[in-house]
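Dear colleague,

Please find the structure below, handed over for your study. A short account of the findings follows it.

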Amino acid sequence: VMLFARQKVDPTGRTNLREIANRSVGLRSFAIGRAQLSIAVDAPSTGRFLVNGNASLLQLALLNLIVNAEQALAGQPGGRIRVELEESEGFVVLRVSDNGSGVDRAAAEALFESFVTTRSREEASGLGLSVARFVAEQHGGTLTLKEQDTGACFEMRLPAAG
């Protein structure tokens, strides 16, 4: 996984994050449905959502965030995952949120470190969030955990393509 994530980012390649979001949700929708969860993409119908970078790496990062939400909602009937996109002040902002139990504040700081997981070793490797943050940073962006009343929300901010 880390070898894949260490690919060089082509600053001239343009990637549409709306397409990546729709493709990623499509890839996970069967498993999410089987787990009796729901997922939706919430993106304005207007807007370009273009960033410079590697589409495969950005999709890997988004899939890691979606799977993370799936695992957080495991066994919770009515679990919902939302993938949101917006353009804001020169950035494309992508959020993945869920209506689960949220993130323990004490554990929040270490979440992005490699091999740190709040689940058992059988369920998770502890690499998903660290890889997603690494990919965001390789694209000149950030990945952070946002405060919210219920569930968890991870926000990736990437510079919009000029």
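The model is a predicted one. To begin with the helices, α3 and α5 cross in a left-handed manner. Their axes lie 9 Å apart, at an angle of about 145 degrees. On the α3 side, the contact involves Leu-57, Leu-58, Leu-60, Ala-61, Asn-64, Leu-65 and Asn-68; Gly-128, Leu-129, Val-131, Ala-132 and Val-135 contribute from α5. Sorted by class, the residues of this contact are nine nonpolar and three polar, with no charged ones.

Helix α3 (residues 55-73) also packs with helix α2 (residues 17-34), at an angle of about 40 degrees and with 9 Å between the axes. That angle makes α2 oblique to α3. The crossing of these two helices is right-handed. Among the residues in contact are Leu-17, Ile-20 and Arg-28 of α2, and Leu-62, Ile-66 and Glu-70 of α3. The contact of α2 with α3 comprises 13 nonpolar, two polar and three charged residues.

The strands may be considered next. Strand β5 (residues 91-98) has seven of its eight residues buried, so β5 is largely enclosed by the rest of the structure. Which strands does β5 pair with? Strand β4 (residues 80-88) runs antiparallel to β5 and is joined to it by eight bridges, and in one of these pairings Glu-84 has Arg-95 of β5 as its bridge partner. The two strands form a hairpin with two residues between them, and Glu-89 in the turn has a positive phi of about 50 degrees. Strand β7 (residues 153-159) is likewise antiparallel to β5, with seven bridges joining them; Leu-94 has Met-156 of β7 as its bridge partner.

Yours sincerely

Definitions and conventions
Residues numbered from 1 in each chain as written. Predicted model: local features only at pLDDT ≥ 70, side-chain atom pairs only at ≥ 80, totals over all residues. Heavy atoms only, no water. Axes fitted to C-alpha atoms, helices over the stretch in contact; angles between N-to-C directions. Helix = DSSP H or I, 4+ residues; strand = E, 2+ residues; numbered from the N terminus. Parallel < 35°, antiparallel > 145°, perpendicular 65-115°, else oblique. Left-handed = near helix turned anticlockwise from the far one by under 90°. Contact = heavy atoms within 4.5 Å. Nonpolar A, V, L, I, M, F, W, Y, C, P; charged D, E, K, R; others polar. Buried < 20%, exposed > 50% of the residue type's maximum accessible area, 1.4 Å probe, protein only. Pairing = 2+ DSSP bridges.
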